[in-house]
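The sequence and the structure come first.

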Amino acid sequence: MGFFSFFKKDKEKSKKYKMGLHKTREGALKNIKEIVEKRNKIDDELFDSLEEVFISADIGVDTVLDFIESLKEEVYHKKISDVKVLEELIIDKMFELYTNNEIVNANIKLNKNGLSVILFVGVNGVGKTTSIAKIAYKLKKEGKKVLLAAGDTFRAGAVEQLKEWSKRIGVDIVTKEAMSDPSAVMYEACDKALNENYDILLCDTAGRLQNKVNLMQELGKMKRVIDKKVPDSLCETLLVIDATTGQNGMLQAKAFKEVTDVTGIILTKLDGTSKGGIVLAIRHELGIPIKFIGLGEQLDDLMIFDIEQYLYGLFADFFEE
């Protein structure tokens, strides 16, 4: 298929996406090929069956309804009757759904000159600390001088966990004792980053979503401290979500979007769920781009999100000759 000709350019990446998304491909989406090919015509019954499959893949009801409606319009407008053409059209329309006819940049935004600061938010247990470490490892390999700030001072063990990661990957870290003011950590970290010419400061934050008002005030205070110490240095606020939580992850994304300016999503443990369609739901319903996806436990298994490789990972078996 022409759509997948790109994957030959980077077989290693395609292999990771294919392996990482096998649970979704072999679970919720397994029956698509059979649903399409066992019918000799395209009708409402076929669209109803596709709708059920996509909802089961956690693409989200609202997203699926919009997607199926768009698919129907294309089929009827172009008078498509060949189910083989429908197979390709499903992939094309998913690509359009994610991109919305825009160039979606998954790379982390960094300042060309001076310090770049990135905040990480997310509830406990989603893999936030590990994601910070993996991104620090990636940036260090690219030649960046990276500093960590352990701002999740209220969660038992969070500071120690990030300290252990800093030792393992060989980057510096700023910490304070448990229950300290997270903004005080940011203040010291900004000082160190400026005085010692760091390129990037990665900041862990508390994820006490049960009290949105306190969380909003806390994040707001941290941002003010950073902006005062290093004006215009805050480049991204990345929300970490555990893909295995499905629609609960969507609720977390909506809640965090209400309290802070989330610029991108890190979707962890995507290889551990059969409902990898949440990627499309997040983008369609919230308009937030996916920046990284977790496709394994190794340090280099947190990958920059690529919509084409993602679709290949979902439908590789479906389209392979």
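Is Lys269 buried, partly exposed or exposed? Lys269 is partly exposed, because its relative accessible area is 34%; buried stands for under 20%, exposed for over 50% and partly exposed for the range in between, with a 1.4 Å probe and protein chains only.

This is a predicted model, in which local features need pLDDT of at least 70 and side-chain atom pairs count only at pLDDT 80 or more, while totals for chains, interfaces and linings use all residues. Residues are numbered from 1 along each chain as its sequence is written, and side-chain values use heavy atoms, with hydrogens and water left out.

Lys269 is located in the loop between β6 and α12; helices (H or I, at least four residues) and strands (E, at least two) are DSSP runs, numbered from the N terminus. The phi angle of Lys269 is positive, near 60°, in a residue other than glycine. Its side chain forms a salt bridge with that of Asp242, at 3.2 Å from N to O; the term requires a side-chain nitrogen of Lys or Arg within 4 Å of a carboxyl oxygen of Asp or Glu. Because Lys269 is in the loop between β6 (264–268) and α12 (278–286) and Asp242 is in strand β5 (residues 234–242), the pair ties together parts that are 27 residues apart in sequence. Asp242 counts as buried, because its relative accessibility is 7%.

The count of salt bridges comes to 21. Three of them are listed here.

| Pair | N to O distance |
|---|---|
| Glu96 and Lys93 | 3.1 Å |
| Glu160 and Lys163 | 3.7 Å |
| Lys269 and Asp242 | 3.2 Å |

Glu96 and Lys93 are 3 residues apart in helix α6, so about one helical turn separates them. Lys93 is buried at 9% relative accessibility, whereas Glu96 is partly exposed at 35%. Glu160 and Lys163 are likewise 3 residues apart, in helix α8 (residues 158–169), and about one helical turn separates them. Glu160 is partly exposed, with a relative accessible area of 45%, and Lys163 is partly exposed at 27%.

Helix α6 (residues 83–99) has 17 residues and should span 24 Å at 1.5 Å a residue, which agrees with the 25 Å between its end C-alpha atoms; the expected span is 1.5 Å times one less than the number of residues. Among the buried residues of α6 are Val83, Leu86, Glu87, Ile90, Met94 and Thr99. Just after α6, Asn100 has a positive phi of about 55°.

The largest nonpolar core has 105 residues, and those touching the most other members are Leu50, Phe54, Ile90, Leu202, Phe305 and Tyr310. Helix α6 supplies the largest share of this core, 8 residues. Such a core is a set of buried Ala, Val, Leu, Ile, Met, Phe, Trp, Tyr and Cys residues joined through side-chain atoms within 4.5 Å. In soluble globular proteins, nonpolar side chains tend to be buried together.

Neighbours within four places in sequence aside, Phe54 is in contact (heavy atoms within 4.5 Å) with residues including Leu29, Phe67, Ile90 and Met94.

Ile293 is part of strand β7 (residues 290–294). Ile293 is buried, because its relative accessibility is 0%. Beyond four places in sequence, Ile293 touches Tyr17, Leu267, Leu270, Asp301, Leu302, Met303 and Phe305.

Lys134 belongs to helix α7 (residues 128–141). Lys134 is buried but has no salt bridge, and the nearest side chain of opposite charge, Glu297, is 5.3 Å away; Lys and Arg count as positive and Asp and Glu as negative, with His and the chain ends not counted. A polar atom of the Lys134 side chain lies 3.4 Å from the backbone oxygen of Gln298.

Thr237 is in strand β5. Thr237 is buried, with a relative accessible area of 3%. Its contacts beyond four places in sequence include Leu119, Lys223 and Val262.

How values were computed
Polar contact = N/O pair within 3.5 Å; in protein donor to acceptor, adjacent residues only side chain to side chain.
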